[in-house]
Amino acid sequence: MPQPKILAIAGGVGGAKLALGLARSLLPQDLTVVVNTGDDEIFHGLHVSPDLDSVTYALAGLTNPDTGWGVAGDSFRTLEALRRLGAETWFGLGDLDLATHIRRTALLADGMSLSQVTAEITRHLGIECAVVPMTDASVRTVAMTDVGDLAFQEYFVHRGCEPRILGVRFDGADTAYPSPAFADALHWADAIVYCPSNPMVSIGPILAVTGVRSAIENFAGPRIAVSPIVAGQAIKGPAGKMMEELGEEVSCVGVARRYKGLCDALVIDRIDREHSAGIEDCGMQSVVTATIMNTEYEKVRLAEEIVNIIDRWNS
Ligand code: FO1
């Protein structure tokens, strides 16, 4: 049976884990990973794309295993020197990581699009599948909080997600169009896979790009999501806290409600099996399996199970 062609939609750390599993399970030409760029920020004059880099480093085998972001074994001497010079250094940019941001910024200044720059960086790091930004336009995720509107990294890293979330918006999304490879993949893909990323601030910005939500609503093939909430908690990051503050149920059922009309099957962890009926009430199947991905074996195993679901769906 020919392999399905998959469009994977991902945020940073959690998304990168399943993206790696899919990259190990599929031929490179059968996988496009579309990544959130709402978290992008300018630091020290450099264009930083944290989620693109988390996926890129994961696929290149460079990820810092302790954090899931940044480069393994990196040092922070440049940041220390910047601090001595009076710069704000709350965003932890490592010395090796900085090379990526310097290169990205230089190529963007030469007139390349973020898609072209990302293709150049990933090619040089030996990545064979397509890793693409959701858009080449500027979209910025803004956390609306009880202390005012905060740029995403300000909320997430500088303030440690402490302010209470009142809402989230994606500035620029209504005039942003999908990147060329994303638009193409929405046509050629046999299936869409939502990686286990934060539905609000990682997947939300991708869905907010003009035309994406309706393209996914009308997508012909199976749309399969992996819940980033397991046993009532986010595997990593602020998804649980944000859902609670927004009055949503912090469970895989809360995730299913977010994906209503956009998803045909939600993959949930074995520990959440009692939530299957609640998920099916949202108009999607529930698939119960082991979803925690700490080792490469677990990432590939989950990816292969998803590929099998897609194969069965189409047969
Ligand atoms: N996350 C942190 O919690 N603290 C940091 O200092 C930090 C630095 C950083 C540098 C480069 C990069 O690509 C990612 C970095 N992240 C850091 C992670 C990043 O904030 C998040 O992964 C995403 O934006 C949320 O998906």
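Which residues lie nearest the centre of the largest pocket? They are Gly 12, Val 13, Asp 51, Trp 69 and Phe 156, out of 38 residues that line the largest pocket. The model described here is a predicted one.

## Domains

The protein is divided into domain 1, covering 6-137 + 175-314, and domain 2, covering 140-170. Between the C-alpha centres of domain 1 and domain 2 the distance is 19 Å. Where the domains touch, 21 residues of domain 1 are in contact with 19 residues of domain 2. Both domains also give residues to the lining of the largest pocket, so the pocket lies between them.

## Pockets

| Pocket | Volume | Lining by class |
|---|---|---|
| Largest pocket | about 730 Å³ | 18 nonpolar, 14 polar and 6 charged residues |
| Second largest pocket | about 340 Å³ | 7 nonpolar, 6 polar and 6 charged residues |

Several helices take part in the lining of the largest pocket. Helix 1 (13-25), helix 2 (50-60), helix 4 (95-109), helix 6 (152-158) and helix 8 each supply at least two residues. Helix 2 gives the most, with 5 residues.

The second largest pocket has a volume of about 340 Å³. It is lined by 19 residues, and those closest to its centre are Lys 17, Thr 63, Pro 65, Gly 68 and Lys 299. Helix 1 and helix 13 (296-314) each supply at least two residues of this lining. The largest share comes from helix 1, with 5 residues.

An open sheet is formed by 7 strands in the order 5-2-1-9-10-13-14, with parallel pairing. Strand 5 (130-133) and strand 14 (285-289) each have a single partner strand, so one side of each is left without a neighbour in the sheet. From one strand to the next, the twist averages 20 degrees.

Within this sheet, strand 9 (residues 191-194) and strand 10 (residues 223-226) run parallel and are joined by 3 bridges. Ile 192 has Arg 223 in strand 10 as its bridge partner.

Helix 8 lies across strand 1 (6-10), strand 2 (31-35) and strand 9, and runs at about 120 degrees to strand 1. Helix 13 lies across strand 1, strand 9, strand 10, strand 13 (265-269) and strand 14, and runs at about 145 degrees to strand 14.

Another open sheet has 3 strands in the order 7-6-8, and here the pairing is antiparallel. Which strands stand at its edges? Strand 7 (148-151) and strand 8 (165-171) do, each with a single partner strand, so one side of each lacks a neighbour in the sheet. The twist averages 25 degrees from one strand to the next.

Strand 6 and strand 7 form a hairpin with 2 residues between them. The two strands run antiparallel, and 4 bridges join strand 6 (residues 140-145) to strand 7. Along this pairing, Ala 143 stands opposite Leu 150 in strand 7, and Met 144 stands opposite Asp 149 in strand 7.

Helix 8 (residues 199-208) lies across strand 6 and strand 8, running at about 40 degrees to strand 8.

How values were computed. Residues numbered from 1 in each chain as written. Predicted model: local features only at pLDDT ≥ 70, side-chain atom pairs only at ≥ 80, totals over all residues. Heavy atoms only, no water. Pairing = 2+ DSSP bridges. Axes fitted to C-alpha atoms, helices over the stretch in contact; angles between N-to-C directions. Contact = heavy atoms within 4.5 Å. 1 Å grid on protein atoms, 1.4 Å probe; cavity = no way out; pocket = protein on both sides within 12 Å on 5 of 7 lines; lining within 4 Å. Points joined across faces, edges and corners; volume = space filled by probe spheres on them. Nonpolar A, V, L, I, M, F, W, Y, C, P; charged D, E, K, R; others polar. Domains from an automatic or database assignment.
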